[in-house]
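Here is a walk through one structure, written for someone who likes to look at the packing and the pairing together. Have the viewer open as you read.

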Amino acid sequence: MSERPYRSALYIPGSKPRAIEKARGLPVDAILFDLEDAVSPDEKVAARATLVEEMAKGGFGARARIVRVNGLDTEWGAGDLAAVAQMQPDGVLIPKVNGPADIDAVVAAVPGVPVWAMMETPVGVLNATAIAAHAAVAGFVMGTNDLAKDIGTRAGVRREPMLFALGACIMAARAHGVVAIDGVYNAFKDDDGLAEECAQGRDLGFDGKSLIHPAQVAITNAAFGPSEEEVALAERQIAAFAAAEAAGQGVAVVDGRIVENLHIVTARATLAKMAAIAALEG
Ligand code: COA
Ligand code: MG
């Protein structure tokens, strides 16, 4: 679990200054400024210049500013990384990462900028552990649309065909202390479907979800932040465990369930996350 909240990470096409302006006032934890798939080929060079200008203007507050570049194997990749070196964002997001060598190439171009990996190819998912282990890698963003295309699956209820990939990437992320952000929910007017997919992503262990539209932000923040019930339970567990310890016992009981030291670790993490969210929201 990361110290900083990453409940919501909104993609914003670098080609749309109006959307970028909007982001300055949205309650998102992270912004994924996109130069890749949300920008058409004939707009890419102009979008890069727009983004450099907007980043220099600033005004994004505590939101993590992450720039998704075009692949290094495209005609725009090198120019995008040069722009990233100039912008010094909080992270650079690389599409279609297949292995640690792809990360090395980025570090050489933008040393010091934390690298985020789009996990969206079968090879990348199978190499998730080595990618997460790379010292420069700070986060994973699941590219579930690309992954669905490559796997040959149709999107479906509860994403059963996607679960192996999601689980493999979460496990690798947790093994190496990397943030893990779930893929987008395409039907941006379907609030119930979004809420259901958020709950699934939260239960799988993701820190948050990537989003395509501002209307998705509130539902996502609620799903990935601790609920009032979770916070209240965490407080009761901590109190009950402290009382048990004072009485010389290693185990407490809360609501008919045992509470051991490991549950206290989770309870403290829940309270820390709540405090981090409160600090972020000022
Ligand atoms: N970030 C910030 N603002 C956004 C936004 C985004 N991702 N998507 C839409 N908005 C803004 C619009 O600019 C508009 O603002 P305005 O009323 O001040 O003009 C407002 O939200 C309402 O937009 P709406 O008309 O509902 O959406 P749309 O039809 O213009 O756009 C999409 C729909 C899906 C094309 C658009 O949301 C989008 O481009 N999303 C990002 C897609 C992307 O990045 N894909 C790559 C990763 S999967
Ligand atoms: Mg993609």
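## A helical turn, and what follows from it

Lys-57 and Glu-54 sit 3 residues apart in helix α2 (residues 44-57), so about one helical turn separates them. The two form a salt bridge, with 3.1 Å between the closest N and O atoms. Keep in mind that this is a predicted model. Is Lys-57 buried or exposed? With 58% relative accessibility, Lys-57 counts as exposed, whereas Glu-54, at 5%, counts as buried.

How many salt bridges turn up in a search of the whole structure? The search finds 19. Three of them are set out here.

| Pair | N to O distance |
|---|---|
| Lys-57 and Glu-54 | 3.1 Å |
| Asp-90 and Arg-65 | 3.1 Å |
| Glu-197 and Arg-159 | 3.5 Å |

The side chains of Asp-90 and Arg-65 meet in a salt bridge, and this pair links distant parts of the chain. Asp-90 belongs to the loop between α3 (77-87) and β4, while Arg-65 is in strand β3 (residues 64-68), 25 residues apart. Asp-90 is partly exposed, its relative accessible area being 35%.

Glu-197 forms a salt bridge with Arg-159. Glu-197 lies in helix α9 (residues 191-204) and Arg-159 in the loop between α7 (144-151) and α8, so the pair ties together parts that are 38 residues apart in sequence. Glu-197 is buried at a relative accessible area of 12%, and Arg-159 counts as buried at 8%. There is also a network: Asp-34, Glu-36, Arg-68, Lys-96, Asp-146, Lys-149 and Asp-150 are joined by salt bridges that share partners.

## The barrel

Now for the strands. Eight of them make a closed barrel in the order β1-β2-β3-β4-β5-β6-β7-β8, and the pairing is parallel. On average, neighbouring strands of this sheet are turned by 25° against each other, direction ignored.

β4 and β5 pair in the parallel sense over 3 bridges, with Val-92 opposite Val-115 in β5. To get from β4 to β5 the chain passes through α4, and this β-α-β crossover is right-handed. Next along, β5 and β6 pair in the parallel sense over 5 bridges; Ala-117 has Phe-140 in β6 as its bridge partner. Then strand β6 (residues 137-142) and strand β7 (residues 179-182) pair in the parallel sense over 3 bridges, and Val-141 stands opposite Ile-181 in β7.

Two helices pack on this stretch of sheet. Helix α4 (residues 100-109) touches β4 (91-94), β5 (115-119) and β6, and its direction makes about 145° with that of β5. For α8, the strands touched are β5, β6 and β7, and the direction of α8 makes about 165° with that of β6.

Which residues cover the two sides of β5? In a regular strand the side chains alternate between the two faces of the sheet. In β5, Val-115, Ala-117 and Met-119 are on one side, Trp-116 and Met-118 are on the other, and all are buried.

## The nonpolar cores

Which members of the largest nonpolar core touch the most other members? Among its 56 residues, the answer is Val-67, Val-92 and Phe-140. Helix α8 (residues 163-175) gives this core its largest share, 6 residues. A second, separate core has 14 residues, including Tyr-6, Tyr-11, Ala-64 and Val-141.

Leaving aside neighbours within four places in sequence, Val-92 is in contact with residues including Ile-66, Val-67, Val-69, Leu-81 and Val-84. The list of contacts also holds Val-106, Val-110 and Val-113, as well as Pro-114, Val-115 and Trp-116.

## A last stop on α8

Ala-168 has its place in helix α8. Not counting residues up to four places away in sequence, Ala-168 touches Val-125 and Ala-128. The C-alpha atoms of Ala-168 and Thr-129 are 8.3 Å apart, and along the chain the two residues are separated by 39 residues.

Terms used. Residues numbered from 1 in each chain as written. Chains lettered and ligands numbered in written order. Predicted model: local features only at pLDDT ≥ 70, side-chain atom pairs only at ≥ 80, totals over all residues. Heavy atoms only, no water. Core = buried A, V, L, I, M, F, W, Y, C linked by side-chain atoms within 4.5 Å. Buried < 20%, exposed > 50% of the residue type's maximum accessible area, 1.4 Å probe, protein only. Helix = DSSP H or I, 4+ residues; strand = E, 2+ residues; numbered from the N terminus. Contact = heavy atoms within 4.5 Å. Pairing = 2+ DSSP bridges. Axes fitted to C-alpha atoms, helices over the stretch in contact; angles between N-to-C directions. Right-handed = clockwise from strand over helix to strand, strands pointing away. Salt bridge = Lys/Arg side-chain N within 4 Å of Asp/Glu carboxyl O.
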